[in-house]
Amino acid sequence: MIYLDYNASTPVDPRVTAAMDGADELFANPASVQHLPGQAAAEAVEHARHRVASLVSRPARDVVFTSGASEAATIGLLGAMLADPLRPNVVVTDTEHKAVLAAASLGARLTGGSVRSVRVRGDGTVDVDHLRDLIDSSVSVVAVMAANNETGVLGPKAEVVSTAAHENGALHFSDLTQLVGKADVKSDCGDIDIMVLSSHKIYGPKGGGALIASRHVQKVLTPVVGGGGQEHGLRGGTHNTQGIIGLGVAAELASEETANDRIRITALKDRLLTGILEQVDDVTVNSKTAECLSNTLNLHFAGADAESVMAVVPEVAMSAGSACQSAVPTPSHVLIAMGLSHQEAAESVRISLGRPTTQAEVDEAVDLIADAVAKVRRISARTGH
Ligand SMILES: Cc1ncc(COP(=O)(O)O)c(C=O)c1O
């Protein structure tokens with residue numbers, strides 16, 4: 001099996017597994033700090049908090065552990081909207097992850113406001129002029145993702161969005177889920193008010209993530225998962241100690257290894273694209289020439305239905321649309337927002353490389369995908385669909 005679906009999820013790095021296995025004895029509740037076992041578990045959680053904070057150059061107190069980016073986005077975005085009833089509206093880009101879109105529309109329903117959608121251009125980049133036009137004093141939050149999970153297209157410079165939001169008294173929310181571990185996040189996240197990330201996208205265990213916001217912003221948020229008051233009252237519920245330890249190690253590895261991973265993976269991605277373009281006609285890169293993540297390719301194979309291509313090459317794990325949506329047979333909202341037709345979206349495949357990807361895998365995948373596309377095109381030419 002050649003796994004090329006790292007944007008959907010990554011395998012747990014063996015170094016992360018080792019750290020988590022070593023945490024078996026830390027079973028006490030980290031909130032039970034009256035006894036030594038509880039204190040040991042709490043210390044492990046705090047150590048992980050420092051590691052996650054350092055990935056984004058923030059103090060440890062800014063990190064709120066959650067069950068993933070979806071929950072973090074709900075706590076952050078919804079919590080900020082509910083906190084500011086005089087600003088009932090929210091601005092989001094059209095191509096945000098469904099977790100962000102869902103939190104924004106729930107927020108608008110509860111505040112009686114509306115979701116203002118920012119257009120993207122044909123290459124998936126955000127129309128920053130439109131973004132600025134949509135922000136006014138009735139907007140509580142401006143959500144612009146750092147990198148798109150389906151196309152890899154990078155968001156505008158965070159500073160540009162922060163400035164536009166702050167000039168109007170709004171908060172800047174950014175989904176960093178796909179950027180962390182693939183690019184340097186430290187240099188460009190300085191003024192973002194609320195960031196979210198996910199453990200299973202950076203070789204950590206599933207069911208973990210974080211919201212990162214200053215204590216000042218945390219205090220402003222209306223708690224939507226209050227529970228027993230853990231995580232500064234923003235995410236109640238007993239800590240997933242092992243998962244948090246795993247996320248901490250994954251974050252540290254991302255801090256140390258992203259720069260090298262990125263160089264290697266960029267070269268592999270270029271090789272894969274060159275190979276496909278050499279072997280297959282009528283292929284379009286959906287992000288065109290936009291600046292993209294080093295690992296992601298979203299390709300339109302004209303006349304070859306993506307689900308059929310994937311069925312013909314079960315040896316290559318890719319994605320038609322994002323994994324979170326694949327149970328729903330609707331075309332990708334991201335590709336539609338970029339102006340693709342329903343048919344073009346259905347003929348598009350996302351290929352995403354990762355830390356374990358090898359050159360041999362890439363070369364084999366090129367041949368297999370090229371054969372599969374040719375086969376699907378032959379069949380559809382014969383059957384007419
Ligand atoms: C950009 C982006 N945001 C949020 C999420 C949700 O992350 P999680 O699975 O941790 O809830 C994903 C996962 O697909 C994603 O790619």
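Predicted model: local features only at pLDDT ≥ 70, side-chain atom pairs only at ≥ 80, totals over all residues.
Some individual atom pairs can be followed in the structure: an N or O atom in the side chain of Ser70 lies 2.6 Å from an oxygen atom of the ligand, while a nitrogen atom of the ligand is 2.6 Å from a polar side-chain atom of Asp175. His200 also takes part, with an N or O atom of its side chain 2.9 Å from a ligand oxygen atom. Taken alone, the ligand would expose 390 Å², and the protein buries 89% of that area.

We turn next to a sheet. Strands of a sheet pair through backbone hydrogen bonds, and they may do so in a parallel or an antiparallel way. Here three strands form an open sheet in the order β9-β10-β12, and their pairing is antiparallel. Because β9 (283–285) and β12 (348–352) each have a single partner strand, they stand at the edges, and one side of each is left without a neighbour in the sheet. From one strand to the next, the twist averages 30°.

The pairing of β9 with β10, which covers residues 296–301, is antiparallel and runs over three bridges, and within this pair Val283 stands opposite Phe301 of β10. Finally, helix α8, made of residues 241–279, lies across β9, β10 and β12, and its direction makes an angle of about 10° with β10.

Definitions and conventions
Residues numbered from 1 in each chain as written. Heavy atoms only, no water. Polar contact = N/O pair within 3.5 Å; in protein donor to acceptor, adjacent residues only side chain to side chain. Areas by Shrake-Rupley, 256 points an atom, 1.4 Å probe, with all protein chains shown as cover. Pairing = 2+ DSSP bridges. Helix = DSSP H or I, 4+ residues; strand = E, 2+ residues; numbered from the N terminus. Axes fitted to C-alpha atoms, helices over the stretch in contact; angles between N-to-C directions. Contact = heavy atoms within 4.5 Å.
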